Amino acid sequence: MHIEIENLLQKIKSFVETELYPLETTENLTGNFSQIEPILLRLREKVKEVGLWGLALPLDMGGKGLSLMQFGKVSEILAKSPFGHFTFNSQAPDIGNMELLHKYASKEIKDKYLNPLAKGEIRSCFSMTEPEFAGSNPTRMGTTAIKDGDNYIINGHKWFTSSADGATFAVVMAVTDADAAPHNRASQILVPLDNPGYEFVRNIPIMGHAGDSWASHAEVRYNNVVVPRSNLIGKEGEGFLLAQERLGPGRIHHCMRFIGIAERSFELMCEYATKRELAEGKYLADMQSIQHFIAESRVEIDAARLLVLDTADKIDQFGSKAARNQISGIKFYTANMMLRVIDRAIQTHGGLGMTNDVVLSFWYAHERAARIYDGADEVHKSSLAKSILKEYRK
Ligand SMILES: Cc1cc2nc3c(=O)[nH]c(=O)nc-3n(C[C@H](O)[C@H](O)[C@H](O)COP(=O)(O)OP(=O)(O)OC[C@H]3O[C@@H](n4cnc5c(N)ncnc54)[C@H](O)[C@@H]3O)c2cc1C
């Protein structure tokens with residue numbers, strides 16, 4: 001098995017380096033996603049031809065059945081290109097929705113939505129955060145799903161529904177019982193986005209760029225959206241439970257992606273430092289401050305990887321709940337580590353680092369959000385510290 005995984009990782013690495021690195025042109029890094037999407041969709045066919053499709057899927061769906069720890073290693077390699085996860089159909093939020101539907105959806109929903117999602121024929125989104133309420137405390141939420149015979153009627157206002165532009169369905173978090181205990185109030189309901197009550201408001205500009213298609217974050221409204229009650233995922237009132245289930249592996253995926261980005265930034269930093277000549281025979285790499293960037297980055301990336309893989313192993317063995325503290329720890333540690341490494345790599349590149357002629361500034365703009373989504377740093381730190389201190393308060 002060990003050799004098999006190593007071979008798989010090598011194959012993916014070679015695909016990413018030969019097929020995806022050349023796509024990092026200034027034009028592709030500054031344009032909308034829809035510009036490069038047809039090329040990536042063609043490359044998906046190539047991924048299928050070389051037997052690398054379905055890396056994130058379980059065996060019963062024709063996937064590779066990788067453990068979370070093994071998929072984590074895959075995710076690191078895919079992340080070394082900004083186009084890696086999409087080309088291999090392992091991108092958020094679809095990967096999380098695939099896991100969710102595979103575990104909790106009815107056969108009818110699986111046939112209609114999960115199978116085409118797994119084949120890469122459609123896209124999806126996850127619609128939880130609302131502009132009017134603090135996302136850090138999602139038990140407070142304005143969106144409601146009221147039962148009406150065999151249907152739910154959904155009303156609400158959401159934003160940061162990533163990849164809603166062009167998606168076929170959303171998994172919507174909505175309050176189904178306002179009188180229940182805070183964590184039992186909401187449910188997750190699948191909403192097809194061709195529903196007449198669904199309103200796409202806009203793609204929100206992020207760091208000066210609204211983006212489009214998969215690479216976008218939408219503001220949307222659900223205005224009297226009617227869906228059958230059979231579109232409920234899991235049981236009523238289990239919205240938070242499912243969200244926690246989703247976020248455990250989801251945070252491993254994100255963290256391993258952060259490590260891939262840091263590793264690639266590190267490689268670019270080292271390559272540039274050894275080529276940029278400051279004076280006759282004197283290179284950036286000969287400067288002590290640059291050497292310190294490189295040494296610190298090497299150790300920080302390796303430390304983060306060990307932490308994340310150890311957490312993935314714990315989730316594989318004992319489930320997300322048992323690894324809760326570690327998951328909080330890796331989320332803020334790895335996100336900050338990645339941003340430090342990208343920043344050092346940009347500094348090393350000087351003015352060139354600020355341009356879109358190298359991928360670093362693309363990541364600097366797009367990945368700042370890593371300290372906010374899936375739980376802001378402060379929330380994870382407080383949650384971890386509270387759990388540690390509980391032991392001392394006994
Ligand atoms: C690029 C991006 C993509 C996203 N994708 C999705 C998506 O697909 N679907 C979706 O539903 N949501 C998505 N989100 C939303 C994201 O999950 C929320 O932004 C996040 O949960 C924080 O909620 P908020 O923005 O309402 O900030 P708030 O909850 O208002 O918090 C604001 C700030 O206050 C601080 N803070 C909060 N709580 C505490 C505390 N307890 N102690 C100390 N400080 C605190 C933090 O610094 C935090 O950043 C995305 C966000 C971004 C930026």
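Modeller: Please bear in mind that the model is predicted. The ligand is surrounded by 19 residues, and the closest of these are Met128, Gly135, Ser136, Ser162 and Glu378. By class, the shell around the ligand consists of ten nonpolar residues, eight polar residues and one charged residue. Three elements, strand 1 (124-127), strand 3 (151-162) and helix 13 (377-392), each contribute at least two residues to this shell. At the level of domains, domain 2 (124-233) and domain 3 (240-392) each provide at least three residues of the shell.

The chain as a whole is divided into these two domains and domain 1 (2-118). Between the centres of domain 1 and domain 3, taken over C-alpha atoms, there are 21 Å. Their contact involves 21 residues from domain 1 and 23 residues from domain 3. On the domain 1 side, helix 2 (26-30), helix 4 (68-78) and helix 6 (94-104) each supply at least two residues, and helix 4 gives the most, with seven residues. That side of domain 1 has eleven nonpolar, six polar and four charged residues.

A kink of about 30° lies at Gly248, shortly before the proline Pro249. Helix 8 is mostly covered, with 27 of its 37 residues buried.

Key: Residues are numbered from 1 along each chain as its sequence is written. This is a predicted model: local features need pLDDT of at least 70, side-chain atom pairs count only at pLDDT 80 or more; totals for chains, interfaces and linings use all residues. A residue is near a molecule or strand if its C-beta atom, placed from the backbone, lies within 6 Å of it. Helices (H or I, at least four residues) and strands (E, at least two) are DSSP runs, numbered from the N terminus. Ala, Val, Leu, Ile, Met, Phe, Trp, Tyr, Cys and Pro count as nonpolar, Asp, Glu, Lys and Arg as charged, and the others, Gly among them, as polar. Domain bounds come from an automatic or database domain assignment. The bend at a residue is the angle between axes fitted to the seven residues ending there and the seven starting there. A residue is buried if 20 or more other C-beta atoms lie within 10 Å of its own, exposed if 12 or fewer, and partly exposed in between; C-beta atoms are placed from the backbone. Two residues are in contact if their C-beta atoms, placed from the backbone, lie within 7 Å.
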